[in-house]
Every structure is written in structure tokens, then in C-alpha cells.
Amino acid sequence: MLCYWILRLPGGAPAGLVRVQNDRVLLKPTVSIPGTFTLFSAASAVPILPETETPLPRAEALIGMDGDRMTCYASAEGAAPIASYRKRMSQLCTNKEPEPAKEAVSEQAIPKIAHVETEKAESVADTAESEDDISQFNTMYMDSISDSARETQAFSLLLQRANAFYAAYEGDPAEDLVHNKDSKTEEQGGIELFSQEFPGARWRYVDGSDILPHYEGTWRQPNGATLHILAVRGHAAPRPPRALLGFTRFLRDRDGTGYWLRMTPLG
């Protein structure tokens, strides 16, 4: 079974894909992320490197760490909250073999006032570190369920159904979009889309078990040339999702729904 997780930065922004197929996991970040990465199942935790397949049966989450700072995270649908994997990561670090003990220093050799000040400083540092860690996690988690929830669901749908596009990273994914297979019948002229941008265009809706849902249209320009248009629902971003190669324009329809468009001349 093939599925994808969204790799996210602590603030919730998408940072790549995690591809899971036949208990083998491939991490594909789209931005540079420092530190190391750990892959989790319910019973195991193993290191994973970017662009290298790592076997782990029933993998369900991934966390990137740079020292004590979480740099990224991803999880499968139905996995435990990321906080539980952070806790497991902390336990893994705690269970590492301790460093050799330093030579004990006589307590009498340390002035009492200095001893008290040292304990106070350590307590303040521990409290600050704990509060920073909690604040970082709360910010990350609340961002992930904030107003971007709809965007996350839409992007997740694109990634989960990216099987038709993933192999096309080295080819032209738009050719896999259209199989002349309508999922539902629309009366001729019954779909109205981008009436201001492409007046008089004729549209049909295309969907299927191995096809990303999209609209396909033809539009005759004022100069007589005809354009073939593919429209996939999405959200505004500096660039389209990696799977949508060739989709270069983002437009919103009159109802506010956003679409990524690919336009090619016919004839």
C-alpha cells in the first residue's frame, strides 16, 4: 500500500513528503533541515536519512531534531499526537550510556553562598528550558489545527493521491491527469468556471480511482486560438505543489475556491 505523510516545520508549514510503501519509508524534504531524523512505529524507533529508503513495519511518525530543538515532524493518519513521540525521543536520549562521572569536589571547598547561587541558576535554567519546549510544541500543534486546517486537508488529499504524479517527477504529470473518464455526467454547458477570465469556456469534471479530481476545459481566445485548460483545486502559495508540474497560474473562482491551472494551446 502506498501513502504519503506531509513533512512540516515546527510552525506548520509544509517542508516535503514522507513516502511509505510496503513497510519501506522514504524521506523527501523540499527545504534544508538541519539535525537528525528518527522514524517511529508503535514499538520501535530507528534513524532515517533523507532520500534513503528505510525499512520499518507499520511506521507511523517521523521527527527531526537538532540538539534539543525539534526541526520537523510528520505522522500517518490515525497516529498518536506528536507530543507522545517527543516524549519517546526524550526517553531514548535519557537511556543513552551516561558520561563518566567527574571527580567529586569537597563541598567544604565551595563557599556556601556560591553553592546556593548555583542551585538557583540551575533551577531557573531548567524552568526556562521546559517552558521554551512547551511553548514551542504548543505553537507547532496549535498552528497545525488553526485556520490552515482546510489547506492541510486539501494538500493531504493531493499527496495521498499522488501515485499518478510521483513517478512523473521525471516526466509530465499532466498527461496522467486525463484519461477521458468522467466520474459524473454534466449537461453540456452545465459547469460554469472562471466566467470572467475565460468567457464561453466549456468545462467537464474528471475523476477516478487513480486520477486526481480536476476540471478540464477548452477556451477559444479572441484571436481565434484555442487553449486546453486543466484546473486542480488548491490554495495560494509561492509555487504549486511539487506534484503539479506545469501548473503555473493560481486563480480563484467567483465562489472563492482556489485552483492551480495548466494551460496549453490546441492545434
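A contact is defined here as a pair of heavy atoms within 4.5 Å. By this criterion, residues 24 or more positions apart account for 51% of the contacts in the chain with a separation of 6 or more. The structure is a predicted model, in which local features need pLDDT of at least 70 and side-chain atom pairs count only at pLDDT 80 or more, whereas totals for chains, interfaces and linings use all residues. Residues are numbered from 1 along each chain as its sequence is written, and side-chain values use heavy atoms, with hydrogens and water left out.

The chain contains five helices and 13 strands, taken as DSSP runs numbered from the N terminus (helices: H or I, at least four residues; strands: E, at least two). Of its 267 residues, 35% count as buried, that is, under 20% relative accessible area with a 1.4 Å probe and protein chains only. The chain exposes about 16600 Å², of which carbon and sulfur atoms supply 51%, as computed by the Shrake-Rupley method with a 1.4 Å probe.

A search of the whole structure finds eight aromatic pairs, in which rings of Phe, Tyr and Trp (its six-membered ring) have centres within 6.5 Å. One of them, formed by F194 and Y259, is edge-to-face (planes over 60 degrees apart), with 5.4 Å centre to centre and 80 degrees between the planes. This pair links distant parts of the chain, 65 residues apart, with F194 in the loop between α5 (174-177) and β9 (202-208) and Y259 in strand β13 (residues 258-266). F194 is buried, with a relative accessible area of 1%, and Y259 is likewise buried, at 2%. Together with F198, W203, Y205, Y215 and W219, these residues form one aromatic cluster.

Note on methods
Buried < 20%, exposed > 50% of the residue type's maximum accessible area, 1.4 Å probe, protein only. Phe/Tyr/Trp six-rings, centres within 6.5 Å; stacked < 30°, edge-to-face > 60°.
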